[in-house]
Amino acid sequence: MGDALYRLTAAAKRYGDKEACFIESLEISKGEVLGVMGPSGAGKSTLLRLLAFLEPPTSGVVSFLGFNADVASRPPLEVRRKVTMVFPAPLLFNGTAWDNVAYGLRLRGIKAEEVERRVRAVLDNVGLLPIARVQAATLSSGEARRVALARSFVIEPEVLLLDEPTANLDPYNVALVEGLLSRINREHGTTVVLVTHSVFQARRLAHRMTLLLDGRIVEVGKTEQVFTAPRDARTAAFFGGEMVY
Amino acid sequence: MQEIGSGLLQALRLIFTGDAVVGEIVLLSLQVSGIALVLSTLAGVPFGSWLALSRFSGRRFVIALVYTGMGFPPVVIGLLVYLVLSQSGPLAFLHWLFTPTAMIAAQVIMAFPLVAGFTMAAVLGVNQSLRQQALSLGATQRQATLAILREARLGVIVSIVAGFGGIISEVGAAMMVGGNIEGSTRVLTTAIVLETRKGNFDLAIALGIILLAVMFLANAAMLRLQGRALD
């Protein structure tokens, strides 16, 4: 962990009258794995979309590598390309598993030999090389999810934003994906923001945790501290399963 | 019944002997409708995609206009183009009336809403989160739009087929603004009407078979373009 990569200041996102998210202040350090938890509709996915620059904040600022994203401006393409997001659904394009994984590299104009080498390596890592030429539409949900993850991994982004990356996966695939995430974070220093509903996964992967309730951060701190000695009573209630929402 | 039988035989003879009159009519039909389709596609596909992906006030009104255009009677389009290009019309100085150019203009007006409307529906049918996914993988806005269009290609191709079907087989506008002049503006549909009226059923049937064959070949070519998306 090191310098602040992201700095969010009074960053709000509203849809009509509804405020989906308001982050008074949040810093995300380079190389850390930040776990984001909270009930459904708490604003977790909205936070990821702000971090991915897919949507501008309605007010406030999302600062990344010295570039500010606000209601009127967002970072240039080469900066945005340092961040990639994996959605809760695999969202694969028509074409083969290989085509999907190669997509981001081709967008960047990377040479065919380099694309070939990197796609092959990442598909091998996620155990999908034997089905590289299979049409994406025919993949099982587990395979499709791994293709979606491989598609992001292959870009080697500085920041990986993951929205429930192991939802509906069997234990083998969960272990596989978590192992890959840990390795990418450890070996490449990739910053990971992980939205998850699994307390166990958060404890296994996250260096720090934050809990969102009603679009606002209730607590942020080191993972063990948040789980074992939360500062806010609502955090204890949420993880204790006592919170009704 | 006998008339139909002998007409069919005559028709096949005309087709397979490469009759010059038939050839000329087919060529002009393909030229007029081909150019009109290319122009409609070049304008309609981007416009339909834009309508699907953009949000602006009055969008619903524009969509309603496009949908109305999709069902616009060709004869009314013919009438409008005729009035605009006629001696007293605002574009009389172009001298397009009773030329293939006037027919192309009318067919573009006919095919454009079909191509744009079906393209819009196809693009709207694509999961819009795919666009966000493409952007988050580093696509520019243009690259993300192309990704969506690729996903919608089945529907986009259908839109082009629908546009072609609409214009190659229409007769009202072609007759009104083309005038069915032999060697100049006589196309398959107008020739079929004329030859039927004259009692030349063999030629009319031959032209009808060719029209059906052209439609079939156009659809077969489009199916080939759709490729694996249909599997």
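I looked up the largest nonpolar core, which has 142 residues; A:Leu51, A:Val101, A:Ala150, A:Leu161, A:Leu194, B:Ala106 and B:Leu207 touch the most other members. Helix H5 of chain B (residues 100–124) gives this core its largest share, 17 residues.

I noted the terms. A nonpolar core is a set of buried Ala, Val, Leu, Ile, Met, Phe, Trp, Tyr and Cys residues joined through C-beta atoms within 7 Å. A residue is buried if 20 or more other C-beta atoms lie within 10 Å of its own, exposed if 12 or fewer, and partly exposed in between, with C-beta atoms placed from the backbone. Helices (H or I, at least four residues) and strands (E, at least two) are DSSP runs numbered from the N terminus.

The model is predicted, and local features need pLDDT of at least 70, side-chain atom pairs count only at pLDDT 80 or more, while totals for chains, interfaces and linings use all residues. Residues are numbered from 1 along each chain as its sequence is written, and chains are lettered from A and ligands numbered from 1 in the order in which they are written.

Leaving out residues up to four places away in sequence, A:Leu51 touches A:Tyr6, A:Val62, A:Val83, A:Leu161 and A:Val193. Two residues are in contact if their C-beta atoms, placed from the backbone, lie within 7 Å.

Then I checked helix H1 of chain A, residues 44–51. Eight of its eight residues are buried, so H1(A) is largely enclosed by the rest of the structure. The buried residues are A:Lys44, A:Ser45, A:Thr46, A:Leu47, A:Leu48, A:Arg49, A:Leu50 and A:Leu51.

**Entry: two positive phi angles**

A:Phe53 follows H1(A) and has a positive phi, near 60 degrees. I found A:Phe53 in the loop between H1 and E4 of chain A. This residue is not a glycine. A:Phe53 is buried, with 20 other C-beta atoms within 10 Å.

In chain B I looked at B:His95, which is not a glycine and has a positive phi of about 55 degrees. B:His95 sits in the loop between helix H4 (74–85) and H5 of chain B. Is B:His95 buried or exposed? B:His95 is exposed, with 11 other C-beta atoms within 10 Å.

**Entry: the sheet in chain A**

I traced an open sheet of four strands in chain A, in the order E2-E1-E4-E5, with antiparallel pairing. Strand E2 (18–29) and strand E5 (67–69) stand at the edges with a single partner strand each, so one side of each has no neighbour in the sheet. The twist averages 20 degrees from one strand to the next. For such angles, axes are lines fitted to C-alpha atoms, for helices over the stretch in contact, and angles run from 0 to 180 degrees between N-to-C directions. Two strands pair if DSSP finds at least two bridges between them.

I then read the pairs. E1(A) and E2(A) pair in the antiparallel sense over 10 bridges, and the partner of A:Ala11 in E2(A) is A:Ile23. The hairpin of these strands has two residues between them, and A:Gly16 takes a positive phi near 65 degrees there. Strand E1 (residues 4–15) and strand E4 (residues 59–64) of chain A pair in the antiparallel sense over five bridges. In E4(A), A:Ser59 is the bridge partner of A:Ala12.

**Entry: chain B as a whole**

How many helices and strands are in chain B? I counted 11 helices and zero strands. The C-alpha trace of chain B spans about 65 × 50 × 25 Å along its principal axes. Of its 231 residues, 43% count as buried. Among contacts in chain B between residues at least 6 apart in sequence, 76% join residues at least 24 apart.

**Entry: where A touches B**

I listed the contact between the chains: 16 residues come from chain A and 16 residues from chain B. On the side of chain A, strand E6 (83–86) and helix H3 (97–107) each supply at least two residues. H3(A) gives the largest share of that side, three residues. By class, the side of chain A has 10 nonpolar, three polar and three charged residues. Ala, Val, Leu, Ile, Met, Phe, Trp, Tyr, Cys and Pro count as nonpolar, Asp, Glu, Lys and Arg as charged, and the others, Gly among them, as polar.

**Entry: A:Arg186**

Last, I looked up A:Arg186, in helix H6 (residues 171–188) of chain A. A:Arg186 counts as exposed, with 11 C-beta neighbours inside 10 Å. A:Arg186 and A:Asp17 are 169 residues apart in sequence and 42 Å apart in space, C-alpha to C-alpha.
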